[in-house]
Amino acid sequence: MYVCGITPYDATHLGHANTYIAFDLLNRYLRATGSRVIYVQNITDIDDPLLERANRDGVDWRELANSQIDLFRADMVALHVLPPAHYIGAVEAIPLVTKAIESLNQINATYLVDEDTYLDLHKDLGFGEISHLSPDEMPAIFAQRGGDPERVGKQDALDPLLWLKQRFGEPGWESALGKGRPGWHIECCAIALNFLDVDNTEHTSIDIQGGGSDLIFPHHEMSATQAKLITGKDFARHYVHSGMVGVEGEKMSKSKGNLVFVSKLIASGVDPMVIRLALLMHHYREDHMWSNEELSTASEFLDDLRTALSRTEVAPTDIVITEIIAALANNLDTPRAITVLSGWVTQSLSGSEDCVSGGSAGELSRAIDALLGLAL
Ligand code: ZN
């Protein structure tokens with residue numbers, strides 16, 4: 001499973017938390033049901049937005065990246081997200097990226113604009129099959145999400161940048177392509193192929209490509225095209241995308257300045273498990289609005305759940321665990337899993353006769369921890 005990681009600035013807002021909790025659920029479910037999971041995540045520790053933010057704030061880009069990576073990791077630990085097996089930075093992956101671009105060179109799928117290297121998308125006849133967008137819809141979204149459709153000299157407006165020649169005042173790394181830095185889409189493609197394409201007999205390179213739904217196009221489409229041109233086989237068997245989290249009726253974004261940060265919520269005294277639960281109350285694919293009322297609801301429910309789990313006589317738990325697993329098996333239906341838990345809490349706290357016949361609070365607590373990642 002390859003999940004696209006953060007660019008280390010503005011970490012970790014609730015949109016990030018929602019994404020990585022969604023894939024943590026998937027990881028936990030796959031493991032609990034007997035799969036062997038290799039989970040790889042990148043970190044885009046060199047890219048335009050990072051350099052722009054470092055310039056704006058007058059800090060060294062490396063310092064900004066390192067501080068934000070530390071913050072992100074601490075937030076993930078607090079949110080009880082299992083770490084990936086491989087957590088790879090773009091800078092450390094530069095040799096993999098240049099090797100991938102070299103493979104694209106060999107099939108004449110690259111060209112230069114000035115001294116920057118671009119991919120000729122038309123070498124992949126399947127381009128567009130991931131996002132299912134029409135060619136008319138693509139350029140605007142491409143421009144909105146870091147693409148450069150207007151650049152003069154490109155063969156197709158959508159062709160993505162593979163390697164950017166070093167600009168004045170910016171960092172660059174020596175390579176056969178000249179001193180420069182990698183494009184974003186080739187970074188993920190190179191890391192995923194290197195760490196996950198382990199079985200040559202399979203028809204796809206990796207099993208799961210994941211990320212937020214804002215990565216469907218161009219990012220996942222471009223990565224898939226590059227990987228397919230390099231390996232000759234489809235990139236991922238499944239594409240899984242988590243929904244966006246908004247706030248006060250608006251999309252949460254850096255440009256609107258309305259980002260809600262996990263670390264700030266925790267610093268204000270919010271239990272990280274309440275944040276996790278509040279996000280799990282929504283299906284991972286659903287776009288939703290974050291609100292303080294939901295935080296209160298989650299907090300009250302968590303208190304009741306902890307109280308119920310501390311009792312010696314509780315309602316039967318075997319059926320609850322079975323139903324939680326069934327809910328997760330149905331495309332990670334966490335709202336259903338929480339409804340099931342809520343029913344058990346009500347029953348257990350009511351002290352009804354069922355409680356005497358007995359369940360094991362300890363067993364349920366361990367199941368909630370393992371499956372939902374809620375440490376109680
Ligand atoms: Zn990616």
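This is a predicted model: local features need pLDDT of at least 70, side-chain atom pairs count only at pLDDT 80 or more; totals for chains, interfaces and linings use all residues.
Residues are numbered from 1 along each chain as its sequence is written, and side-chain values use heavy atoms, with hydrogens and water left out.

- Cys 188 belongs to helix H6 (residues 184-196) and His 219 to helix H7 (residues 216-231), so the pair ties together parts that are 31 residues apart in sequence; helices (H or I, at least four residues) and strands (E, at least two) are DSSP runs, numbered from the N terminus.
- Both Cys 188 and His 219 are buried, a term for under 20% relative accessible area, with exposed meaning over 50% and partly exposed in between (1.4 Å probe, protein chains only).
- The relative accessible area of Cys 188 is 1%.

**Cysteines**

- The count of disulfides comes to zero, a disulfide being a pair of cysteine sulfur atoms within 2.5 Å.
- For Cys 189, the closest cysteine sulfur is that of Cys 188, at 8.8 Å, which is too far for a bond.
- Cys 189 is buried, at 0% relative accessibility.

**Sheet**

- Four strands form an open sheet in the order E4-E5-E6-E7, with antiparallel pairing; two strands pair if DSSP finds at least two bridges between them.
- Strand E4 (110-113) and strand E7 (180-182) each have a single partner strand, so one side of each edge strand is left without a neighbour in the sheet.
- Strand E5 (residues 116-119) pairs with strand E6 (residues 161-165) over two bridges in the antiparallel sense, and Tyr 118 stands opposite Leu 161 in E6.
- Helix H4 (residues 94-106) packs on the sheet and touches E4, E5, E6 and E7, where contact means heavy atoms within 4.5 Å.
- The direction of H4 makes about 115 degrees with that of E6; axes are lines fitted to C-alpha atoms, for helices over the stretch in contact, and angles run from 0 to 180 degrees between N-to-C directions.

**Leu 277**

- Leu 277 is found in helix H9 (residues 272-280) and is buried, with a relative accessible area of 1%.
- Leaving aside neighbours within four places in sequence, Leu 277 is in contact with Ala 298, Phe 301, Leu 302, Ile 338 and Leu 374.
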